[in-house]
Amino acid sequence: MHTGAANDNFPERLLKLREVRAITSLGTSTIYRRMSVGTFPKPLVLSDACVRWKESTVLAWISALPVAA
């Protein structure tokens, strides 16, 4: 199983909400609240009942977080 970001050998991974929660340690309500105010990446809409986040977008969001002093 591939767990890294996209490269020449693997396509971009699309993450389910449970995977985004596990990677970020944020709860569902927090993720959606932050999305609504523009402080968390919005998912791709695959169908009316299916959304997925690009792994690279979530990892970039994590990398951009400020470091505690």
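## Surface and make-up

Accessible areas come from the Shrake-Rupley method with a 1.4 Å probe, and for residues only the protein chains shown count as cover. On that basis, the protein chain has an accessible surface of about 4900 Å², and carbon and sulfur atoms account for 55% of it.

Please keep in mind that this is a predicted model, where local features need pLDDT of at least 70, side-chain atom pairs count only at pLDDT 80 or more, and totals for chains, interfaces and linings use all residues. Residues are numbered from 1 along each chain as its sequence is written, and side-chain values use heavy atoms, with hydrogens and water left out.

## The order of elements

The protein chain holds three helices and three strands (DSSP runs, numbered from the N terminus: helices are H or I with at least four residues, strands E with at least two). Starting at the N terminus, their order is β-α-α-β-β-α.

Of the 69 residues in the protein chain, 25% are buried (under 20% relative accessible area; exposed is over 50% and partly exposed in between, with a 1.4 Å probe and protein chains only).

Welcome to helix H3, residues 55–64, where Glu55, Val58 and Trp61 are buried. They lie on the same side of H3 because they cover an arc of only 130 degrees around the axis (taken from the directions from the helix axis to the C-beta atoms). The face turned away from this buried side carries the exposed residues Ser63 and Ala64.

## A look at Val58

Val58 counts as buried because its relative accessibility is 0%. Beyond its neighbours within four places in sequence, Val58 is in contact (heavy atoms within 4.5 Å) with Leu15, Val20, Ile23, Thr24 and Trp53. Val58 and Thr24 are 34 residues apart in sequence, and their C-alpha atoms are 8.2 Å apart in space.
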